[in-house]
Amino acid sequence: MKKTFILDTNVLLHDPQAIFKFEDNDVIVPITVIEEVDNFKKDLSETGRNARQISRILDGFRQKAPLVDGVPLEGGGILKVVLYTDGSMKLLPPELRADRGDNRILAVAMDMKKQCSCPVVFVTKDTNLRIKADAIGLRAEDYESDKVSIEELYSGTAQVVVNKDEVDRFYGQGYLDFSGPYYPNQGITLAEASNPSHTAIGRYHAKMERLNPLIRPPKEGVWGILPRNREQQFALDLLLDDDIQLVTLVGKAGTGKTLLAIAAGLFKSADEGSFSRLLVSRPVFPMGKDLGFLPGDVEEKLAPWMQPIFDNVELLLGAVEERGKRKRGYKELVDMGLMEIEPLTYIRGRSIPKQYMIVDEAQNLTPHEIKTIITRAGEGTKIVLTGDPYQIDNPYVDSSSNGLTYTVEKFKGQEIAGHITLTKGERSQLAELAANLL
């Protein structure tokens, strides 16, 4: 049965293409939403860009027919801009005052429910607004076109029970003919049925239908770092394979996501020369209250935001020094052109060829921002996205709708992409307990 969807402002600011994603149903945009979108049009952020884009889209429809009368959508529905009236406000309880934009949007939705014989659904990403809508008898839903359930997120690994001969054959010939419902580059653990401790690990090659052994890191480690658990072994294998152009690493604090990625990036660029340099970036989102404007040039302003990257690099340099090699500071690596650290603010419009690019804290990015980053990749560039979907500072995304989990789900069937979810913390016993208990 055909439905009518009323869209809240945050839906359009999150995804300007939202009006095209309701199939053959009608889409209603209250006039208050247009007013609120107008407040963001001068922002230089992603939200501002989305505001300008939705304005252009609506203006394009306006040229076809009056938006108040309704304009046909390609899917078969109707797009309409509906005006707020004092009469519609009377449909709300007196506690919901007319001077608030959210309440005026709810009033339009209630008016449409009164007029329309078909089901009316109010779509908003605002949790409290969904609660208010439910309280007044209005059906409300979250915008879920790009949501991926964090509980059902692809882990990138699987355990397969086999007989002893298959485990021995894998070790003996260095591969195993292997087929099944597995994704390309999935990390597979073979476990003997009669002896579960007799195992082998490898990576699934979908085209050849074969299980291949993992890439072995040097004996001294990758910049002094050796994997401490099976998931880290799978992750390092993906990070060291030049044929894998996109790697996503998801895990809680202390699982080694960023450290492994930076170690592999320095190894592939500084030691092997497979990439011209290591480019590390992260979105600028504060935890808690922002410090405000910072003095100095770009490098000095970025220092507080990029300090986690510096910490990881200094840890790697310390590990190298312990093994008798000369220690170099991260600034020397930057001066030598082997490493560059920069914010994501200036990435739009760039082309990044033959670089090992790491985007840390990618859970704070929207799906559209992630698309912007990945489409910057030139020939020979490898992109690594790391993050923890449960530690999000961006108010416009959550654990299910952020760009990192969205990318994991969209790329899990691609030959040039790989993903691993890391679960075991290796930073310290205290950090592991804090991540699990708090």
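**Notes on the predicted model**

1. Starting with a helix pair: Pro-367, Ile-370 and Ile-374 on the α12 side meet Gly-403, Leu-404, Tyr-406, Thr-407 and Phe-411 of α13. Keep in mind throughout that this is a predicted model. Helix α12 covers residues 367-374 and helix α13 residues 403-411; their axes come within 8 Å and cross at roughly 65 degrees. As for the hand, the α12/α13 crossing is right-handed.

2. Now the overall picture. The protein chain has 14 helices and 17 strands. Of its 438 residues, 50% are buried. Looking at contacts with a separation of 6 or more, 69% are between residues 24 or more positions apart.

3. Helix α5 is worth a look. It runs over residues 101-115, which makes 15 residues, and it reaches 21 Å from first C-alpha to last, close to the 21 Å expected at 1.5 Å a residue. The helix is mostly covered, with twelve of its 15 residues buried. Which ones are they? The buried residues of α5 are Gly-101, Asp-102, Asn-103, Arg-104, Ile-105, Leu-106, Ala-107, Val-108, Ala-109, Met-110, Asp-111 and Met-112. Note that the list includes charged residues, Asp-102, Arg-104 and Asp-111 being among the buried ones.

4. In soluble globular proteins, nonpolar side chains tend to be buried together. Here the largest nonpolar core has 44 residues, and Leu-79, Leu-106, Phe-122 and Leu-138 are those with the most contacts inside it. Helix α5 gives this core its largest share, seven residues. Apart from it lies another core, this one of 39 residues, including Leu-214, Ile-262, Leu-266 and Val-280.

5. What does Phe-122 touch, not counting residues up to four places away in sequence? Its partners are Ile-6, Asp-8, Ile-105, Leu-106, Ala-109, Leu-129, Ala-133, Leu-138, Arg-139, Ala-140 and Glu-141. Ile-105, Leu-106 and Ala-109 in that set are also on the buried list for α5.

6. Salt bridges next; the count comes to 17. One of them joins the side chains of Lys-125 and Asp-142, at 3.8 Å from N to O. The pair links distant parts of the chain, 17 residues apart: Lys-125 is in the loop between β5 (120-123) and α6 (127-135), and Asp-142 in the loop between β6 (140-141) and β7 (157-162). Are these two side chains' residues buried or exposed? Asp-142 counts as buried because its relative accessibility is 16%, and Lys-125 is buried too, at 17%; the cut-off for buried is under 20%.

7. Arg-203 takes part in two of the bridges I'd check. Its side chain meets that of Asp-237 at 2.4 Å, N to O. This pair links strand β10 (residues 199-205), where Arg-203 lies, with helix α8 (residues 230-240), where Asp-237 lies, 34 residues apart. Arg-203 and Asp-237 are buried.

8. The other bridge of Arg-203 goes to Asp-241, at 2.7 Å, N to O. Arg-203 is in strand β10 while Asp-241 is in the loop between α8 and β12 (246-251), so this pair ties together parts that are 38 residues apart in sequence. Both Arg-203 and Asp-241 are buried. Separately, salt bridges that share partners join Lys-125, Arg-130 and Asp-142 into one network.

9. Asn-185 is not a glycine, yet has a positive phi of about 65 degrees. Asn-185 sits in the loop between β8 (176-177) and β9 (187-192), and is buried, with a relative accessible area of 7%. Glu-361, also not a glycine, has a positive phi of about 55 degrees. Glu-361 is placed in the loop between β15 (355-359) and α12, and counts as partly exposed because its relative accessible area is 24%.

10. Last, Arg-169, found in helix α7 (residues 164-173). At 39% relative accessibility, Arg-169 is partly exposed. Leaving aside neighbours within four places in sequence, what is Arg-169 in contact with? Its contacts are Gly-174, Tyr-175 and Leu-176.

Terms used. Residues numbered from 1 in each chain as written. Predicted model: local features only at pLDDT ≥ 70, side-chain atom pairs only at ≥ 80, totals over all residues. Heavy atoms only, no water. Helix = DSSP H or I, 4+ residues; strand = E, 2+ residues; numbered from the N terminus. Expected span 1.5 Å × (residues − 1). Buried < 20%, exposed > 50% of the residue type's maximum accessible area, 1.4 Å probe, protein only. Core = buried A, V, L, I, M, F, W, Y, C linked by side-chain atoms within 4.5 Å. Contact = heavy atoms within 4.5 Å. Salt bridge = Lys/Arg side-chain N within 4 Å of Asp/Glu carboxyl O. Axes fitted to C-alpha atoms, helices over the stretch in contact; angles between N-to-C directions. Left-handed = near helix turned anticlockwise from the far one by under 90°.
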